[in-house]
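Here are a few notes to read alongside the model. Take them in any order you like.

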Amino acid sequence: MKKTISLRIDEDDLKELEHEGSNHLITTNQLVNQIIHNYLAWERHVRKLKFIPISDELIIKFLESYSDEQQNISKIAYSTLKDITLQAFKTFDFNSFLITLKAYCFECGFHVDDKTEGNIQHIVINHNLNIKFSHIVKQIFELAFKEFNISHSCDQTPNTVLINRNITQ
């Protein structure tokens, strides 16, 4: 349910919001709602966990130097996502995990496509990193599916991870 409110906002900030909305072919109202949602779903929680921004180039270089450590990285990433999810939702189930992961992907500039056909949910995550990153994302999902005992299949390419899960479970 939506509620209409009135806010005071700096004129220069409003002009920037209007310009940004126009560039993304959305209204200023839609953009402000996205910003508020993003803050509530992600930003207020990651600040508590002391996240730091890292460039794509640095992540790629970091991943190039790793080999068998990916499983440990996946476990750490899953644990961190679990912490964020618990802080945000006060519960941890697959849906809250997925909302948190999608918010993370959005913050990183990754595209997430989430569609359901019949009883199968298809989640496609596109990124611009490398196959090692795709493998880590796939392993994070594998950990979630194991914890929640969910039937699934996963596939990956250097820039894409495809997840299919049965939503009747």
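1. Start at E16, which sits in helix 1 (residues 11–23); helices here are DSSP runs of H or I with at least four residues, strands are E runs of at least two, and both are numbered from the N terminus. E16 has a relative accessible area of 59%, so it is exposed (exposed is over 50%, buried is under 20%, partly exposed is in between, with a 1.4 Å probe and protein chains only). Keep in mind that this is a predicted model, where local features need pLDDT of at least 70 and side-chain atom pairs count only at pLDDT 80 or more, while totals for chains, interfaces and linings use all residues. Residues are numbered from 1 along each chain as its sequence is written, and side-chain values use heavy atoms, with hydrogens and water left out.

2. E16 also belongs to a surface patch of negative charge, together with D10, D12, D13 and E20. A patch takes residues with over 30% relative accessible area and no salt bridge, joining like charges within 9 Å and nonpolar side chains (Val, Leu, Ile, Met, Phe, Trp, Tyr) within 5 Å. A salt bridge would be a side-chain nitrogen of Lys or Arg within 4 Å of a carboxyl oxygen of Asp or Glu.

3. There is a nonpolar surface patch too: I36, Y39 and L40, with about 260 Å² of accessible area together (Shrake-Rupley method, 1.4 Å probe). L40 is part of helix 2 (residues 28–48), and its 40% relative accessibility makes it partly exposed.

4. Now for the aromatics. The count is nine aromatic pairs, where rings of Phe, Tyr and Trp (its six-membered ring) pair if their centres lie within 6.5 Å, and planes under 30 degrees apart are stacked, over 60 edge-to-face and the rest tilted. F94 and F97 make a tilted pair, 5.8 Å centre to centre with 45° between the planes. Both are in helix 5 (residues 94–108), three residues apart, about one turn of the helix, and both are buried.

5. F110 and F133 pair edge-to-face, at 5.5 Å centre to centre and 65° between the planes. F110 is in the loop between helix 5 and strand 1 (111–117) and F133 is in helix 6 (residues 131–148), so the pair ties together parts 23 residues apart in sequence. F110 and F133 are both buried.

6. Which residues form one aromatic cluster? Look for Y78, F92, F94, F97, F141, F145 and F148.

7. Last, N149 lies in the loop between helix 6 and strand 3 (152–156) and is exposed, at 65% relative accessible area. Its C-alpha atom is separated by 33 Å from that of I54, 95 residues apart along the chain.

Note on methods. Lys and Arg count as positive and Asp and Glu as negative; His and the chain ends are not counted. The place of a charge is taken as NZ of Lys, CZ of Arg, CG of Asp or CD of Glu.
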